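The following report is intended for a reader who meets this structure for the first time. Please view the sequence and the model before reading on.

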Amino acid sequence: MTVRMHTPNLLARAGTVTALTLVTLSGTTVAPGAAGNAEAASVSGYALRIAASKRGAPYQYGAQGPHAFDCSGLTLYSFKRAGRALPRTAAAQYGRTRHIPTTLRRRGDLVFFHSGRGIYHVGIYAGRGRMWHAPKAGSVVRLERIWSRTVTYGRVG
């Protein structure tokens, strides 16, 4: 004799269904934040955390850290600490990444700003349309909303 339980429906009627409840009931338990932990273990996720840890560091043209950065110096430093080598300039970094469509961007991907055919700025995508970057002289490393539609994304291999 087979007994079928309609637990999700009962939970739905009780108003207590959550994604975690349904995943747990299906036989797989996922702890809150587990996806974040998997991302943090990735090279890009680690590089993103390194960049975030430099919040407030001053912008200095040509600086590659650890106490001051320009835009490509921050990305170079972050990925180097995560175990991946990148070239020095934003344009060279663009040439070294796998270009991906906006719809497939992930936290830790590089965000390249361009004018015509030239790349003039780079940051590290942080999710929700934001990035970590070293903006310009007189500023500091910060999390900021991506202000332009003329960006492309690159994934570090």
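Are Tyr125 and Tyr153 buried or exposed? Tyr125 is buried, and Tyr153 is buried as well; buried means under 20% relative accessible area, exposed over 50%, and partly exposed in between, with a 1.4 Å probe and protein chains only.

The model is predicted, so local features need pLDDT of at least 70 and side-chain atom pairs count only at pLDDT 80 or more, while totals for chains, interfaces and linings use all residues. Residues are numbered from 1 along each chain as its sequence is written, and side-chain values use heavy atoms, with hydrogens and water left out.

## The sheet

Helices (H or I, at least four residues) and strands (E, at least two) are DSSP runs, numbered from the N terminus. Two strands pair if DSSP finds at least two bridges between them. An open sheet is formed by six strands in the order β1-β6-β2-β3-β4-β5, and the pairing is antiparallel. Strands β1 (98–100) and β5 (142–145) stand at the edges; each has a single partner strand, so one side of each is left without a neighbour in the sheet. On average, neighbouring strands of this sheet are turned by 45 degrees against each other, direction ignored. Axes here are lines fitted to C-alpha atoms, for helices over the stretch in contact, and angles run from 0 to 180 degrees between N-to-C directions.

Strand β2 (residues 110–115) pairs with β3 (residues 118–127) in the antiparallel sense over six bridges. Within this pairing, Leu110 stands opposite Ile124, and Phe112 has Val122 as its bridge partner. The hairpin of β2 and β3 has two residues between the strands, and Gly116 takes a positive phi near 65 degrees there. Strand β2 also pairs in the antiparallel sense with β6 (residues 151–155), over four bridges. In β6, Thr152 stands opposite Phe112.

## Helices across the sheet and the cores

Two helices lie across strands of the sheet. Helix α4 (residues 43–53) lies across β3 and β4 (130–133) and runs at about 100 degrees to β3. Helix α5 (residues 71–81) lies across β2, β3 and β4, at about 50 degrees to β3. Ser44 has its place in α4 and is buried, with a relative accessible area of 13%. Contact means heavy atoms within 4.5 Å; not counting residues up to four places away in sequence, Ser44 touches Phe79, Arg107 and Gly108.

A nonpolar core is a set of buried Ala, Val, Leu, Ile, Met, Phe, Trp, Tyr and Cys residues joined through side-chain atoms within 4.5 Å. The largest such core has 24 residues, of which Phe69, Phe79, Leu110, Val122, Ile124, Trp132 and Val141 touch the most other members. Two or more residues are given to this core by each of α4, α5, β2 and β3. A second, separate core of eight residues includes Ile100, Phe113, Met131 and Tyr153.

## Aromatic pairs

Rings of Phe, Tyr and Trp (its six-membered ring) pair if their centres lie within 6.5 Å; planes under 30 degrees apart count as stacked, over 60 as edge-to-face and the rest as tilted. A search of the whole structure finds five aromatic pairs. Tyr94 and Phe112 form an edge-to-face pair, 5.2 Å centre to centre with 80 degrees between the planes. Tyr94 lies in helix α6 (residues 90–96) and Phe112 in β2, so the pair ties together parts that are 18 residues apart in sequence. Tyr94 is partly exposed, with a relative accessible area of 23%, whereas Phe112 is buried, at 0%. The rings of Tyr125 and Tyr153 have their centres 5.8 Å apart and their planes at 85 degrees, so this pair is edge-to-face. Tyr125 belongs to β3 and Tyr153 to β6, 28 residues apart. Phe113, Tyr120 and Trp147 form one aromatic cluster.

## Salt bridges

A salt bridge is a side-chain nitrogen of Lys or Arg within 4 Å of a carboxyl oxygen of Asp or Glu. The whole structure holds three salt bridges.

| Salt bridge | Closest N and O atoms |
|---|---|
| Arg88 and Asp70 | 2.8 Å |
| Asp109 and Arg155 | 2.8 Å |
| Glu144 and Arg142 | 3.5 Å |

Arg88 is partly exposed, with a relative accessible area of 25%, whereas Asp70 is buried, at 6% relative accessibility. Asp109 and Arg155 are both buried. Glu144 is partly exposed, at 26% relative accessible area, and Arg142 is partly exposed, at 30%.
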